[in-house]
Structures are given as C-alpha cells and as structure tokens.
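User: I'd like to learn how to read a model like this one. Could you walk me through a few features?

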Amino acid sequence: MKTDTPQTIHLKDYTPSSHVIEAVELDVRLAPQNTRVSSILSVRPNPKGDASGRTLVLDGENIDLLGISLNGAGLAQGDYELDDTSLTLSNLPDGPFTLTLETACDPQANSTLSGLYRTSDIYCTQCEAEGFRRITYFLDRPDILATYQVRIEARRSDAPVLLSNGNLIASGDIDGTERHFAVWNDPYPKPSYLFAMVAGDLARIADTFTTASGREVALQIYVEQGKEDRCDYAMDALKRSMRWDEEAFGREYDLDIFMIVAVSDFNMGAMENKGLNVFNDKYILARPDTATDADYQNIESIIAHEYFHNWTGNRITCRDWFQLCLKEGLTVFRDQEFSADMRSAAVKRIDDVRLLRSHQFPEDAGPLAHPVRPASYMEINNFYTATVYEKGAELVRMMRTLIGRDTFRRAMDLYFERHDGEAATVEDFVSCMEDASGRSLAQFMSWYGQAGTPELAVNGKYNRHERTYEISITQMCAPTPDQNSKSPFHIPLCLGLVDASGDDTPLVLQGHGPLEGNVVEVTGNTQTFTFESVPERPVPSLNRGFSCPVKLTSNINDEDLLFLMARDTDQFNRWESAQTYIGASLIRDVRRIGAQMPLDDDVNFAEALRTCINDQALEPAFTAWMLSLPSETDIAARIAKDVDPAAVHQAREHMREMIGRLLEPELRATYDRLEGGDAYRPDAEDAGRRALRNTVLSYICAAAGPDLAHSQFSSAVNMTDTMAALGVLAVHDGPERAESLNAFYDAKKDDHLLVDKWLSLNAVAPFPDRIADIRALTEHEAFSLKKPNKVRALVGAFAASNPVCFNSADGSGYRFIADVVLALDAINPQVAARLSAAFKNWRVLEASRRDLARGEIERIKGRKGLSRDTFEIVSKTLQ
C-alpha cells in the first residue's frame, strides 16, 4: 500500500500476460482473524504473450503464503521469489500446469475494505479494481478470464448465509464440527475483479423473474436482520431493469439466480460482481419514513446500473483498466436511458447535465483533468471519476446522435455478438459503431484521448433580404496537464431556430437541403452554416438536449434568453436559457459585491419565473428545475479566476431572497396547492409534486424566515418533506436550527442511514464561526473514520457542499480537510484520496485563499509513508 516512489503505469506499455489462468477452484475457510484460502489454478502459457522465459509473476498484497505446489509437487522457498506485492515462479513447464496455493489473511484487520474484510460481523469482498490479490496470489488484471468454483465454510452461528458468484451446487454441515459449507459454480469466464463472496447472519427477500425466453430466475436480496421491510422498492426496480434491458437492448439474464447483498460499510456505491451484486445499503433500503424521493431515485438508477453491467462489463469486460470507460461510460448511458423511460426524460436530462457540470466540468478545468481513456495512472482507484463515468456516457450519447437511434441499436447488437466473452477495448466498441453505420468515427476518437471541455463560440446573423440565418461556430479547448494543444473535436450540435410565435422553423441547410435530425457536425476550428427560407428573424436554440458536453457562448441577448425560457419547444433548453441568464446575472452581482456596490433586484427574471410558476400545464418536477439557481460551485466555475466564495454565497443568497420576496403570493399559493395527503408514493408524479413544493418552501423561507420550514418539520409524514424542512433550517442561523437537528437525532439515532443524513445537515451550515463545531463531530459517537459512509456524510459533505466554510478566509476549512485526509490515509487510502480531491480547483481562488489551500496540500504531500492513492491526487493537484 505504501511506496516512497510510486510508479506510473502507461497505456502504451500494455502487453498481454505471459500466461492465462483458465479455471480457478477456491476453498475459503472463514475465520475473523485467520481466514485460510486454498486456490487451485489451471494455467497455460499465453500464445499472445511472452512466455519464452517460462516465468510467471502473480500479484499479492497483505496475505501470507503458507504453501505452494506445482502439478502436485511442493515447492521450497528457493523455487520462487516473494516480496510485498508479488510471487514470482521461474522455469515453468512449456505447456499447461496446475498451481496450488495456500494463503492466509486477516479480514477483521482489513480497514481498507478492499479484498476480503469483516465489518458488522459480515464477511464481504470488494475486488475491483485490484482487491483479489488480497485474497490469493493471482494474475489480477481484467484480461485474465477464468471460470470459478468456490467452496466456502464458516461457523454456522457466525455465518448461516454463505454466498458467491454463479449457481449453488452443494451445501451442508461438516460432520463433527459447528461449521457448514456451500459450493458455488460460475460457468461464465470472468476477470478476478468480478469475484465476490459474502458470509454472515443475513435476512433474505425472495422473488422470481420470468425472462423473455420463458426461463424463471430466482431473485434474492440479502440485508441485515430486521430490515427486510425496506427492500420492496429495490426488488421492484430490479425486475423493471431486467425487463427494460430485454426490450431496449435485447439482453436477457443468463444465470439461474441473481443476488444482491446490502452492507453498511463499502467503499463504493455498489459492485456488479457476476450474479452477486454487493451494494452500499443506502442504495437498497427504503421506506417512506426513512428514505427521500432522491433516495428512491438513486436506488432505481444504481440497481439498474449494476444489473446492466451483466452485459456491458461482465459478459464483455475491459482489456485493461485504461478501458474503464468502456464498461462504465456505456453502462451509465444505459442507466440514464432507463431512468428517463421510468420517469421524465426532460427532467432526467437536466439532472444528468447538472451532475456533469458540477463534478466533471471542474475536473476538466483543473490539475486532475484526464481523458475519458487516461494515458497513465499511478493508482487505478483514482480514476473512478466523473470524467470516466459521466463524460464517458456523453460520448456514447454523441455517437448515437451521429449515427441515429436505429443504427445505434444495430451497432450494440453487433458489439454483443462480436465481443461476448472477451476483454475488449474502446477501439472494439467504436469499430462496431462504424461497421453498423458505414461511416468513419476516426476524428471522434479524439474525445477519448483529449482531456478538457471544448468551448464553442457561436455567432448568429439574420439576413432579412435573403431570408437566411448564418451561424458561425469556433471551437477551442484550453490546455490541460500534458496536453498543451488539442486537435479539433467532432461535435454533434443539435439546434433549432425559434420564430416569434414559439414554433420551430424548418432547417434547410444551404447547399445540402433539409438538415437531418437538426444536427450540424462541427469538425473544424471554425465553420459557418447557412440556413435558407427563414421568413423572420429567429432566436437560435443551441445545443438542444445537451447534444454535446461543451461550454457554449453566443451573441444571444438577455431578451432572447427570456423568450427561450418561456417559448422554446425543447424543454432542456428552456431550463438552459434560464440558467444562462441568471448565471450571468449572479456573476455581475459577485463583481458588484467585490466593488462594494449595492445589489439590485432582477425584476425581469422574477417576472419570467412568475409566468413559469403560474403555468400549471408544466410538469411539477420540471417547474422545480426552472426555479433552481446555479450552485455556488457552478457560479465559481463560471468566474474561473480570483474567486471569492463568500461573495458568491452572498450574491446567490440575495437572489434567493429576491425571488422569495417578489413572488411571495405565487409561491405561497403553490405551496398550499401542492399539499399532499398521508399516502406516500415514490413514483415520478408524486415525487415531482414534492420537489416543486419543497423548492417553493426554500424560497419562502429565504425571504420570510424559517417559520414555515419549522412547521413542516413538525408535521411531515415522510422523510422527503422532513429532510426538505431540515435542509432549510440547517442553513438558518437561529435557535430553530439546533432545536430541530437535535430532535431529529434523538428520534433517529438508532438508524445509521438517518444518522448519515443528520451528519450531512450539520456539515452544510454556512457559518465560518461554526467550523469548530463541525470538526468536533468527528469525535461524536455517531462518527467513525473506519466507516466510509460516515466520512462522506460529514467530511465529504462539508468539502463539497459548504463552499463558504471549506473556503473560510482563515484557512480553517482547509486545515480540517487536510487533517482528516492524513488520519484517514492510514486507514482507507481510497476514501482518503477521494477526499483530498476536494482541493482540485484551488487555483481559481483569490490569492489569500489560494496560498492557504496550497499550504495544506503541500502538508498532505509531505507526509512520510503517504499511500500512492493520496500521493497521486495531491501531486497532480499541485502541478
């Protein structure tokens, strides 16, 4: 785990392994501090690799080698070499051979939660990306695909449930002992990162699913005892995901059983292990009194994501970790499409773009920028990023836009047919798009190899005499680490020309005829597109549906933006026009604050919002998004230089107060109109109604004080309304805040997921003089550095969602995060590294804060024995 000189791994250096492991037999004898693992590996030289030296190097970390034999003959210590990270065997046979290994590990002491660990009396594994090497010595790389047969044994009283991948083929008691066993067989070859094993005292919820071909699949969800009544929605989401994948992509499930296990301590959100998904229990457990609408939506989306991996990630995996976007970006795209079909496509698209802009755009603009397919890494765990996931999904979406929906489906069918059972590359995937469509995507590949967010400058001009509208587009992309200059991207830009009545003008491209799909393809540094037969000056609607992940500027004026906000036929661009307008207004206010000038009300924007609120034909969830303001992080990213976070906060708070004050009658009428009954449903319609009502609540309280939120907290009958009220009270500096938060904790302190919500509510209080109180919560009985969910709930929320305190002018916020990173790095390097990325945009701050942040980053980097996970992040952050 620790290294003084972390080595960089490069994509260009990829070579096939010297050997292939075709079959694995594991015998795991579980014990809290001394688990024994016997592994029998069927190995042969790889004809694609270099086995001329007959040497095999197996990966291994934090395990003890107890014995080793080759074709049944024991090996002495002089027959192999062993160090902290590998086992090397030389003079091996020219043909196939069997290697038998005996190893031991300590699950109880494994605080990294990688490999085999024990937490809350449950044994669990997490092998992606490189955790299997903590269980036994192995070629722990994704291009080694093997079948697995796994025997697990444990004391029945400790672990009555024994689970692994595949189908259960045997189980029973071990005579004369208190132990029992189970044998699982997975007939589909898989990489080691998809191996899973769980054992413990778990409750089971069971159901069945009948596939399109008529096979019955057993469905099972395992949770801690007493939480069975919180699994109904997860099971329903799983069944809907299975049916949707059959209908949308023609993919049917392949095993006899599909299992999900929910655990409370997990480094990730969930893991798609073949046939045995392991979930962070916050993405499984839901009941109206314990989960919010957002929780229900996350459960639906993440269950779909992990299930969809069965084909895009498991049946077809990635050749090496540089191809991570091949499974993750594609599967994010698939789960986004699923959620759009289950709920509102327009609302889902807005939600996805907000996430992209708040997480991925800043990543692209800072020292941690990397291509969707990185060229190098020190620690692969650091590349489970928004760039790989969310931007990777946008690349898939753009290819669908370029070749068309029907052709895209044919291309996906070709991909499954051509590469099933293989470890594939990005080139393999894109080739299927090319072969199905008959067009070259060679230039499009630059999206996979170039970091940064392209910027499009668009200038529109109407010629009344010729009745033409000319759009000139210039693209550029700012330098990023190791990439000072960029070649032009291939960008599909969807657009419309909206006439005075709000209708779309048919797009006829001069010299080409009707524009297919209303999409122009920007491939050069500068291009001009001229549209004919335009009877009146239109207002251009650009990047409809966010057809490309770019930053866009144009010569559209404020009056046109307000027009599009009210009349655009593309719902995404109605919202986008509002965000563009108010984003510019907020930036002007930030500058006025810096110049110590008074702030004025933006009456025009308030009137546009009034029209939107009064339009009851709009979907409530969409109206809620129309009322939303850019986050403080988004505003800072738009300013991008010498940012004063306190001024950003002040400007946004002024805007919230203005909206609440000027629109008070409409807001209160909407709040009263949307009051629901006692029955709670997590469907899109009811969730949208609550979303709008609680958005309205926040504005009313911004202007009138917290009384209405306090009343709602006292009377709420579901967790969505409770958390919305507490969210308002948590950022109010008055006695109601402490009173409500204390009452919530006293009532919910026995539920660890609700305690996480309480920690986050405390973390977001935007009062710099309260940072000491937030720091003190790290000593609270409800907090533990060994539990990733607690760290994310308190410290992660502070760093990501409290920019005022994190960027406190005295540097106390930076010191707090640095102190936690240093303490956490020795316990769980993965979580520590992700937390240290909170500093990634320190260079955009004004000079004083910039110096304070840099000092804390340097303090982290200077710690002796820092993990390579955290070392890589802070080193790059300082570049």
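Analyst: We'll go through a sheet, a hairpin, a helix pair and a pocket. This is a predicted model, where local features need pLDDT of at least 70, side-chain atom pairs count only at pLDDT 80 or more, and totals for chains, interfaces and linings use all residues. Residues are numbered from 1 along each chain as its sequence is written, and side-chain values use heavy atoms, with hydrogens and water left out.

User: What is the strand order in the open sheet of five strands?

Analyst: Strands of a sheet pair through backbone hydrogen bonds, either parallel or antiparallel. Here the order is β17-β18-β19-β21-β20, with mixed pairing. Strands (E, at least two residues) and helices (H or I, at least four) are DSSP runs, numbered from the N terminus, and two strands pair if DSSP finds at least two bridges between them. β17 (202-210) and β20 (270-271) are the edge strands with a single partner each, so one side of each has no neighbour in the sheet. β17 runs antiparallel to β18 (residues 216-224), with nine bridges, and Thr210 sits opposite Glu216 of β18.

User: Which strands form a hairpin with five residues between them?

Analyst: That's β14 and β15, and Gly176 in the turn has a positive phi of about 80 degrees. Six bridges hold β14 (residues 167-173) to β15 in antiparallel fashion, with Ala170 partnered by Val183. β15 (residues 179-190) also runs antiparallel to β12 (residues 146-155), through nine bridges.

User: At what angle do the axes of helices α24 and α26 cross?

Analyst: Two packed helices are described by the angle between their axes and the distance between the axes. For α24 (residues 812-825) and α26 (residues 847-861), the axes come within 10 Å and cross at roughly 10 degrees. That makes α24 roughly parallel to α26 (angles under 35 degrees count as roughly parallel). Axes are lines fitted to C-alpha atoms, for helices over the stretch in contact, with angles from 0 to 180 degrees between N-to-C directions. Residues in contact (heavy atoms within 4.5 Å) include Tyr814 and Leu822 in α24, and Leu852 and Ile860 in α26.

User: How much space lies in the second largest pocket?

Analyst: Rolling a probe the size of a water molecule over the atoms shows where empty space is left. In this pocket that's about 1200 Å³. A pocket is an open set of points on a 1 Å grid over the protein atoms alone, where a 1.4 Å probe fits, with protein on both sides within 12 Å along at least five of seven lines; lining residues have an atom within 4 Å of a point. Grid points are joined across faces, edges and corners, and the volume is the space filled by probe spheres set on them. Of the 40 lining residues, Ile9, Asp59, Glu130, Arg133 and Tyr377 are closest to the centre. β4 gives the largest share of the lining, three residues.

Technical notes:
Parallel < 35°, antiparallel > 145°, perpendicular 65-115°, else oblique.
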